[in-house]
Amino acid sequence: QVQLVESGGGLVQAGGSLRLSCAASEGTFTRYAMGWLRQAPGKEREVVAAITWSGGITYYVDSVKGRFTISRDNAKNMVYLQMNSLKPEDTAIYYCAADRLPLRRTIATLTRWDFGSWGQGTQVIVSS
């Protein structure tokens, strides 16, 4: 399994920005689609954004479209989530995760159960 470590969470005021980073432990990471998921208290873990192994296709849940951007740098084994115009409802623990299957091209239907490697999570709190 790929080892993943997130960083970049914190406390921010509504309307502010944060950039989450996810470092992968090995080069095989480049064969896998990656996702950012979040879980708020009392809610199910949801896929916020995903990106194919090549970076050519991205997916966003409707609630973050136009505000969040997922990207990856395969040369550095890194995945990023740029979060702008943050809202209090974005408050959650954010997880970086790697797809169970290599070289997947269809990512719009990914659920939490499709991810096989997870980071420890990073807390994002957006104050109103």
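These legends describe close-up views of a predicted model.

**View 1. Y95, F115 and W118 form one aromatic cluster.** The structure holds 2 aromatic pairs. In one, the ring centres of Y95 and W118 are 6.1 Å apart, and the planes meet at 80°, so this pair is edge-to-face. Y95 belongs to strand β9 (residues 92-102) and W118 to strand β10 (residues 115-118). The two residues are 23 residues apart, and their pairing links distant parts of the chain. Another pair joins F115 to W118. Here the centres are 6.2 Å apart and the planes lie at 65°, so this pair is edge-to-face.

View 2. W118 is partly exposed, with a relative accessible area of 28%.

**View 3. The charged end of R72 sits over the ring of F29.** The distance from the charged end of R72 to the centre of the F29 ring is 4.5 Å.

**View 4. The charged end of R112 sits over the ring of W113.** The charged end of R112 is 4.4 Å from the centre of the W113 ring.

**View 5. R45 is buried yet has no salt bridge.** R45 is found in the loop between β4 (32-39) and β5 (46-51). What is the nearest side chain of opposite charge? That side chain is E6, 7.9 Å away. A salt bridge needs a side-chain nitrogen within 4 Å of a carboxyl oxygen. The R45 side chain does make a polar contact, at 3.1 Å, with the side chain of Q39. Leaving aside neighbours within four places in sequence, R45 is in contact with L37, R38, Q39, Y95, R112 and W118. Y95 and W118 are members of the aromatic cluster in View 1.

**View 6. I70 is a buried residue of strand β7 (residues 68-73).** Its relative accessibility is 4%. Which residues does I70 touch, not counting those up to four places away in sequence? They are M34, W36, A49, A50, I51, T58, Y60, V79, Y80 and L81. The C-alpha atoms of I70 and Y59 are separated by 8.5 Å. Along the chain, I70 and Y59 are 11 residues apart.

Methods. Residues numbered from 1 in each chain as written. Predicted model: local features only at pLDDT ≥ 70, side-chain atom pairs only at ≥ 80, totals over all residues. Heavy atoms only, no water. Phe/Tyr/Trp six-rings, centres within 6.5 Å; stacked < 30°, edge-to-face > 60°. Helix = DSSP H or I, 4+ residues; strand = E, 2+ residues; numbered from the N terminus. Buried < 20%, exposed > 50% of the residue type's maximum accessible area, 1.4 Å probe, protein only. Lys NZ or Arg CZ within 6 Å of the ring centre and 35° of its normal. Lys, Arg positive; Asp, Glu negative; His and termini not counted. Polar contact = N/O pair within 3.5 Å; in protein donor to acceptor, adjacent residues only side chain to side chain. Contact = heavy atoms within 4.5 Å.
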